[in-house]
Amino acid sequence: MKNNTSKYFKYAIGEIVLVVIGILIALSINNWNQNRLDKIKSEEYHQRIVEDLDQFNTILSKESKRALQVNKYLHATVQILKGKELTQKNKDTLDFALNNYFQMVEVQESLDTYEELKSSGQLGLIYNKDLRKKLNQYIEALGAFSKIITQLAAQVNKTAPIDKHVTLFVAEEISLAKIPLEYDFDLMKKDNYLINTLSRFSLLWKTKSFFSNNLLEVGESLKKNILKELNND
């Protein structure tokens, strides 16, 4: 009887051990599969962040060049108004400046993929802690840059000092980039407040270009680090 009990006990223990081993193997396989899926997802998020950066950096580059162009024409306009002479070339310069000085647009505050990672609690999929830190720093810089541009835009989009001198004529067939203008140059050149306002706007556009280029450099550096991480994988 004792022998039979001992056999049953050993058999039961053996069954339990086999079940435990089976569970451990299943958990191990499940963990391995989950890690594999997470790694695939991590690589996809890395690549999407690179694509976000590429897209935004392209916009930044174009906006920086445009900001410098508007800055250049505004500065030239100030000199023309001070010079008291309106040639056809000078009028073309004034027309461009007066058509574009107020068209500063705001920019996004973050990257779509980063916000998706953050909202879903998956920032940990950026496994490299140093890279994750650099990404967070970039997002902070982007947020600060967005606020700066919002403040700059709020200032240059105040058209009251110019509106009293300039009339815009808009028709369906007219390009918004070059709207016909009517203004009294003789009155404008006597308005020191107008001249000072345009001079200040010129500086604001140059400020936009400066900060755009700074963020562009940070974004390009971050992109290189992400691509390096992808290549290491």
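**View 1. Asp 95 counts as buried, at 15% relative accessibility.** Buried here means under 20% relative accessible area, exposed means over 50%, and partly exposed is in between (1.4 Å probe, protein chains only). The model you're looking at is predicted: local features need pLDDT of at least 70, side-chain atom pairs count only at pLDDT 80 or more, and totals for chains, interfaces and linings use all residues. Residues are numbered from 1 along each chain as its sequence is written, and side-chain values use heavy atoms, with hydrogens and water left out. You'll find Asp 95 in helix H2; helices (H or I, at least four residues) and strands (E, at least two) are DSSP runs, numbered from the N terminus. Leaving aside residues up to four places away in sequence, Asp 95 touches Leu 181 and Tyr 183, where contact means heavy atoms within 4.5 Å. The side chain of Asp 95 also meets that of Lys 91 in a salt bridge (3.0 Å, N to O), that is, a side-chain nitrogen of Lys or Arg within 4 Å of a carboxyl oxygen of Asp or Glu. Both residues lie in H2, four residues apart, about one turn of the helix. Lys 91 counts as partly exposed, at 26% relative accessibility.

**View 2. Glu 63 and Lys 208 meet in a salt bridge through their side chains (2.6 Å, N to O).** This pair links distant parts of the chain, with Glu 63 in helix H1 and Lys 208 in helix H7, 145 residues apart. Both Glu 63 and Lys 208 are buried. The structure holds nine salt bridges.

**View 3. Lys 223 and Glu 220 form a salt bridge, with their closest N and O atoms 3.6 Å apart.** Both sit in helix H7, three residues apart, about one turn of the helix. Lys 223 is buried, with a relative accessible area of 15%, while Glu 220 is partly exposed, at 28%. Salt bridges that share partners bring Asp 54 in too, joining Asp 54, Glu 220 and Lys 223 into one network.

**View 4. The largest nonpolar core has 51 residues.** A nonpolar core is a set of buried Ala, Val, Leu, Ile, Met, Phe, Trp, Tyr and Cys residues joined through side-chain atoms within 4.5 Å. Ile 49, Leu 74, Leu 111, Tyr 138, Ile 162 and Ile 226 touch the most other members. Elements giving two or more residues to this core include H1, helix H4 (129-156) and helix H7 (192-232). The largest share, 12 residues, comes from H1. Zoom in on Leu 111: not counting residues up to four places away in sequence, Leu 111 touches Ile 49, Asp 52, Leu 53, Tyr 138, Ile 139 and Leu 142.

**View 5. Tyr 101, Phe 102 and Phe 201 form one aromatic cluster.** Rings of Phe, Tyr and Trp (its six-membered ring) pair if their centres lie within 6.5 Å; planes under 30 degrees apart count as stacked, over 60 as edge-to-face and the rest as tilted. The structure holds four aromatic pairs. One of them is Tyr 101 with Phe 102, an edge-to-face pair at 5.0 Å centre to centre, with 75 degrees between the planes. Tyr 101 is buried, with a relative accessible area of 2%, whereas Phe 102 is partly exposed, at 26%.
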